[in-house]
Amino acid sequence: MRRMPSRVFSRITGGTEPSAERRSRAGLWAVAGAATLGFLVVLEIAARRYGLPGPITTQAKEVVFAPKSGPLLYASMALMMVVLTWRQRFVAAGLAIGVDVVFALVRWVADAEVTEGSHFGNGALWVMLGCAVVAVTRRTGRERLLLLKGVGLGLLLVAGRKTGDTWLLITSKTRPAVLDQYVATADHALGDPAWVAGRIVTAAGPAAAHVLDWVYTQLAVAAVVVALYQLRRVAAERRFPGHHLVRTFLVIGLLGPAVYMIFPVVGPVFAYGTGAFGTGGEQWAVALLWPDLPLPSGPPQPMTYDGITPRNCMPSLHTAWAVVIFIHSRGGPRILRYAGTFWLVATLSATLGFGYHYGIDLVAGVVFAVTVEAALRTFDRGWDRSGVRLVAYGASVFAVLLLSSRYLSTEMAAHPWLFGPLLLLLMATVVYGYVRTTRAWRPNAVVPAQRSRPLLEPVRADHPEAVVPVAERVALANDGEQPAST
């Protein structure tokens, strides 16, 4: 009689492998949680050294005071509710709205006018914190872990926003000199797209500018919409998928500001702006040129800027986030794919048209986003050779973009017909490598040919192997030849 493979036996009897895997995942979650908490504490201490409130302080204030972004808090609550049943979702949403109504009445009675931030959002934060308390006190086992994961996912999105705001304040305090002249000079190779887009947005009028501004500021809400589609089966399956948009979104927000510290840039509307969009930093500008007058040629050099404006241009994280929203929306229905495409195009138009970024910032943002997405997908697969090669190539191209913008900007401006196409080609090779590699990772991308096997001989009813079902015998005969699922 053919002996059952050990891996089949372990699945039937509930052997040690699943429990060991669960312990490994639990340990990974514990390490990730401790690292996140430690990072927030360190960032809080660093911010207080400069007299600024850190992410923990600003988040704690929103329990009572008017939040900075009510839509983001409700989007985070919606993300948390993927682990709840429909009845629980309606109860949670009703409680959040009720708490916000109470806060609005208290502010009205106390004549506490909201001059900054949103009039709503406290209720969503209270519901998320309440769900965390319920998970600890009223849930056990896997249900507790699942609810805590949902709460953690929602709170991480909010904490990511607060962490980013703190990072930006730190860049303005610690990096007095900016490298805008280098990036603006290198941007000649791309035809000064920030100047062209600025004139187009100005000519389009206030209505178009308002739409682009709304898209630009509500990027996190768009990410939540795509993430909700990806996580729509969590409540039924009682588990999260291996990879989803929120993971990439948060990692980009964590790593991007570190690059800002290395390559501080404020953007053309601040370094060269005419003040048409109300920046108020004209006294720090090199010259009042953007977007109407062409940038004069000359040797670039570092320049001092104020201690308030964030150095948040290289790379463009709004571009990076819009790119990963576009990537993850590809697996959705047609309307979601159209929305992802619209958000990408509108975000690119806003980043350039409002003068927040140079063209090369967007190129670097695309490379950065694709590399981070590839790294997370490769991590899920176990760092196979194709994934490692893709991540290493993307990181190398990103480093080349930074170094060339800093040390080859004059040469790039002098030879635009050479360096312009070369920059776009480098970006395209990273995108092409990602598409080609991830297509090969799909479960049914490559189906190995089955080796021919002799037909099984008929088995008498009294034969010992007759107790094995026919389907199971065929599966055992083909053992090891099925394509691995991802």
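This is a predicted model: local features need pLDDT of at least 70, side-chain atom pairs count only at pLDDT 80 or more; totals for chains, interfaces and linings use all residues.
# Chat about a helical model

Me: OK. How many helices and strands?
Reply: The protein has 21 helices and two strands.

Me: And how much of the protein is buried?
Reply: Buried residues are 44% of the 486 residues.

Me: Let's pick a helix. Is helix 4 mostly enclosed or open?
Reply: Helix 4 is largely enclosed by the rest of the structure, because eight of its eleven residues are buried. Helix 4 covers residues 70-80.

Me: Which residues of helix 4 are the buried ones?
Reply: Gly70, Leu72, Leu73, Ala75, Ser76, Met77, Leu79 and Met80.

Me: What covers them?
Reply: The cover includes helix 5 (86-109), helix 6 (122-138), helix 7, helix 11 and helix 13 (245-262).

Me: Take helix 7 from that list. How does helix 4 pack on helix 7?
Reply: Their axes are 7 Å apart, at an angle of about 155°. Helix 7 runs over residues 141-174.

Me: Parallel or antiparallel, then?
Reply: Roughly antiparallel. An angle over 145 degrees counts as that, so helix 4 and helix 7 qualify.

Me: Left-handed or right-handed crossing?
Reply: Helix 4 crosses helix 7 in a right-handed way.

Me: Why would residues three or four places apart turn up on one face?
Reply: An α-helix has 3.6 residues a turn, so residues with that spacing point the same way.

Me: Now helix 11. How does it sit against helix 16?
Reply: Helix 11 is residues 219-230 and helix 16 is residues 334-353. Their axes come within 11 Å and cross at roughly 160°. That makes the two helices roughly antiparallel. The crossing is left-handed.

Me: Who makes the contact?
Reply: Helix 11 gives Leu219, Ala222, Val225, Val226 and Tyr229. Helix 16 gives Leu336, Trp343 and Thr347.

Me: How many of those are nonpolar, polar or charged?
Reply: Seven are nonpolar, one is polar and none is charged.

Me: Switching topic. How many disulfides?
Reply: The count is zero.

Me: What about Cys131 and Cys313, buried or exposed?
Reply: Cys131 is buried, at 12% relative accessible area. Cys313 is buried too, at 1%. The cut-off for buried is under 20%.

Me: Where is Thr378, and what does Thr378 touch?
Reply: Thr378 is in helix 17, residues 359-381. Thr378 is buried, with a relative accessible area of 0%. Leaving out residues up to four places away in sequence, it touches Trp383, Asp384, Gly387, Val388, Val391 and Trp441.

Me: Last one, Phe398. Which helix is that in?
Reply: Helix 18, residues 385-407. Phe398 counts as buried, at 11% relative accessibility.

Me: What does Phe398 contact?
Reply: Val259, Pro315, Ala364, Val367 and Phe368, setting aside neighbours within four places in sequence.

Me: And how far is Leu426 from Phe398?
Reply: Their C-alpha atoms are separated by 9.3 Å. Along the chain, Phe398 and Leu426 are 28 residues apart.

Notes. Residues are numbered from 1 along each chain as its sequence is written. Side-chain values use heavy atoms; hydrogens and water are left out. A disulfide is a pair of cysteine sulfur atoms within 2.5 Å. Buried means under 20% relative accessible area, exposed over 50%, partly exposed in between (1.4 Å probe, protein chains only). Axes are lines fitted to C-alpha atoms, for helices over the stretch in contact, and angles run from 0 to 180 degrees between N-to-C directions. Helices (H or I, at least four residues) and strands (E, at least two) are DSSP runs, numbered from the N terminus. Angles under 35 degrees count as roughly parallel, over 145 as roughly antiparallel, 65 to 115 as roughly perpendicular and the rest as oblique. A crossing is left-handed if the near helix is turned anticlockwise from the far one by less than a right angle, and right-handed if clockwise. Contact means heavy atoms within 4.5 Å. Ala, Val, Leu, Ile, Met, Phe, Trp, Tyr, Cys and Pro count as nonpolar, Asp, Glu, Lys and Arg as charged, and the others, Gly among them, as polar.
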